[in-house]
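Subject: Handover of a model and notes on its strands

Dear colleague,

Please find below the structure that I am passing on to you. My notes follow it.

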Amino acid sequence: MKRFSIVVAFSAMVLFTSSLFAQERNNVPPPATAFATAPEIPYDSAGANYLKFPAGLYLGEAMGVARNSKGQILVYTRSGEATRLFQFDSEGNYQREIGQGLYGFAMAHGVRIDSQDNIWAVDEGTDMVIKFNPEGRVMMLLGRRPEYGEGLIATPANNAVPPPAVPYRFGRPTDIAWDAQGNIFISDGYTNSRVVKYDKWGKFIKSVGTRGTEPSQFNTPHSIQTDANGNVYVADRGNRRIQVLSNDLTLRAIYDHVGSPWAVCITPGPHQYLYSSNSNPDNNNSNVAAVTGEIYKMELDGTVLGKFGKAGKLAKEFTTVHAMDCRNPNEIMTAEITGWRVQKITLHPQAAAK
Amino acid sequence: MRRTFQILLAAAGMFFAAPLFAQLTVPEITYDSAPNLLKLPDNIYMGEAVGVATNSKGHIYVFTRTGSTNVTTGTNRAFVRSSSRLFEFDQTGKFVREMGQGLYGFIFAHAVRVDPQDNIWVIDEGSDMVIKFDPEGHVIMTMGRKPEAIRVPAAMPMAAPMPMMQGGNAAGGPGGPMREGPGMMMGGQREGGAMAMGPAREAPTGAGAPGDNFDRPTDVAWDAAGNIFVADGYNNSRVAKFDKDGKYIKSWGSRGTQPSQFHTVHSIATDAKGNVYVGDRENRRIQVFDNDGNFKSMYINVGAPWAICITPGQHQYLYSSNSNGTADMDNGEIYKMELDGKILGKFGSAGKQLKEFGSVHEMDCRNPNEVYVGELTNWRVQKLTLHP
């Protein structure tokens, strides 16, 4: 009997393993629908070493990048003992570190800067969103780091239903955006699979979404932005679509032609554009990298205007873009996971029009 | 006998229920809060401000959960260090110094109190220790002992598929609806115990085990003779009394809802006569004992007493904070009472703005109209000036 179960276990293992290999081969998604027809936008990169660090300081995985109104660059990185937040001037020269040893820093995911130049870090290791003022002091907190004694908490499997979300706790949150009134929108996240709206003082208003593939469901809401009218754009990465929600989180549209949106960014100004990165995956699967890595430029209604970039480790190529800053619509900052770098990309869309 | 007791309890319940209605007419005490009270150096950050206390000069001590807890593996055991820090500020909020950097007993801060001789006492619920510093910052007495090695509790991983091409969901933990409360700590096996990635800690016994050692202690108080009262704590559910030299005298209580039982004894204070007031948080009551631990009274009309504080001086007042939970924005008001439980007024509510509170975890009331609050979820200390 015992031997029998060993045999069963062994053959099950073999089956499992071989199906995994098959999955590895077959798990290459088709190129984004818009890939073949989107015109190429010419562009340059300021180089793979755009950010200049003092000796002895290094970038880790570059998860978040954002610029403030002065052009200063904030980079949130998985580095050092936990996670670090660095500031650079508009030329890429290192200025300072913010939040050394912060209780809310464990596993960086995103950083964004609001219209008052406050810096918001989203940490998926502590399940916290931390607001710093421009001087770098903590002003407000959302979520709470699980207590030390709680130990490790199991992550529900991708095909499992996570426990219901509660208003003031996150489940590995990913990104943040605000509307003109200062209302806060959080994409939450790997576990909770929802979008949650707070007022500017962090009082819960509502949330929408559970894990799934239906409209208004999410399979890792990974990046989030708002437009000037307060509409909310959610990068629903695992479902390979951008879901557009109204300000009260009612579904308005779905864009499913630009691949898997790892990062979205909406430009300011009277004519707003939407950038979305169909990033090559961070598991270094070169089969997938061959059909991913490009960034799309769109109108807010989803019309594709063009694309640029491809997966690769050289400058001007992308090593898993995880976040974008597009404060200047023709100057995109990319934060890249697997290449541990930030690039400044200058677009030449006029040249494409010729 | 037992039935008689129950009837008595029921009668007591009716008696205590009456003030509940009176609570509706509790007057509001107006108050101000000084913005940006504490000024930290550029490279130092406050974490959860679980403890705050002032000394006779008005200096402010803050015991905070910050940094990251480090687990180091060695042979077959796990060793834990850091994440509690103790900061001192002057009466204007200017940073003076850090005390206890890298201290062996600093793991997971819970409270700080300053005694009449300006000694600073910290309670660390991660190391299960109460540590006394003299005013210069030297360790001059320790109570309890840090476990040599600590179990690393881990929920069994749910059957997870292989990491998908999208990266993402490989490891880490969701923030479940956890609330600061009992039964979330490592338990059981201690000295020399094997570190294990296994089923979580054993359930807290709440046995009220007597003796010198603690199980997630929460707070400390002293009487005029210097006797020490330790609220112990999340897992042991008792109050322990020691003499001024740290010699164990007695303890009382266990987990439960009866009088003299506790469900998270979370805060403790004494009055000038040596009576002991215990914030019995999950039971939502303050229990009052005499100096020997005999039950005297309980106040059940001020919500969950996360933090209590008794003012010095001729006429003593009792403050109690009905703090919001860490996953909600409910309640949050602080009550001002006579020592006999009569409510004089209340102030404050939960929120993130100045003058609002994020889970008040400790109060200092050395000056009865100047209350310092340490906030768990807002990572800050506010100095409140009351205008009663």
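Which residues does B:Thr142 touch, not counting residues up to four places away in sequence? They are B:Met129 and B:Ile131, where a contact means that two C-beta atoms, placed from the backbone, lie within 7 Å.

Some conventions come before the rest. This is a predicted model, in which local features need pLDDT of at least 70, side-chain atom pairs count only at pLDDT 80 or more, and totals for chains, interfaces and linings use all residues. Residues are numbered from 1 along each chain as its sequence is written, while chains are lettered from A and ligands numbered from 1 in the order in which they are written.

B:Thr142 itself lies in strand β11 (residues 139-143) of chain B; strands (E, at least two residues) and helices (H or I, at least four) are DSSP runs, numbered from the N terminus. B:Thr142 is partly exposed, with 15 other C-beta atoms within 10 Å. On this scale, 20 or more other C-beta atoms within 10 Å of a residue's own make it buried, 12 or fewer make it exposed, and partly exposed is in between, with C-beta atoms placed from the backbone. B:Gly105 is 37 residues from B:Thr142 in sequence, and their C-alpha atoms are 9.3 Å apart.

Chain B as a whole

Chain B contains 1 helix and 26 strands. Of its 388 residues, 48% are buried. Among its contacts between residues at least 6 apart in sequence, 50% join residues at least 24 apart.

In β17 (residues 276-280) of chain B, 5 of 5 residues are buried. In a regular strand, side chains alternate between the two faces of the sheet. Here B:Val276, B:Val278 and B:Asp280 point one way, and B:Tyr277 and B:Gly279 the other.

Two strands count as paired if DSSP finds at least two bridges between them. β17(B) pairs in the antiparallel sense with β16 (residues 265-270) of chain B over 5 bridges, and B:Val265 has B:Asp280 as its bridge partner. That hairpin has 5 residues between the strands, and B:Gly274 takes a positive phi near 90°. β17(B) also pairs with β18 (residues 285-289) of chain B, again antiparallel and over 5 bridges; in this pair B:Asp280 stands opposite B:Arg285. The hairpin of β17(B) and β18(B) has 4 residues between the strands, and B:Arg284 in the turn has a positive phi of about 55°.

The nonpolar core

A nonpolar core is a set of buried Ala, Val, Leu, Ile, Met, Phe, Trp, Tyr and Cys residues joined through C-beta atoms within 7 Å. The largest has 173 residues, and those touching the most other members include A:Val75, B:Val52, B:Val112, B:Tyr277 and B:Val278. Leaving aside neighbours within four places in sequence, B:Val112 is in contact with B:Val52, B:Tyr61 and B:Trp121, among others.

The four-stranded sheet

An open sheet in chain B has 4 strands in the order β2-β3-β6-β7, with antiparallel pairing. β2 (48-54) and β7 (95-99) of chain B each have a single partner strand, so one side of each is left without a neighbour in the sheet. β2(B) pairs with β3 (residues 60-65) of chain B over 5 bridges, with B:Val52 opposite B:Val62.

With kind regards
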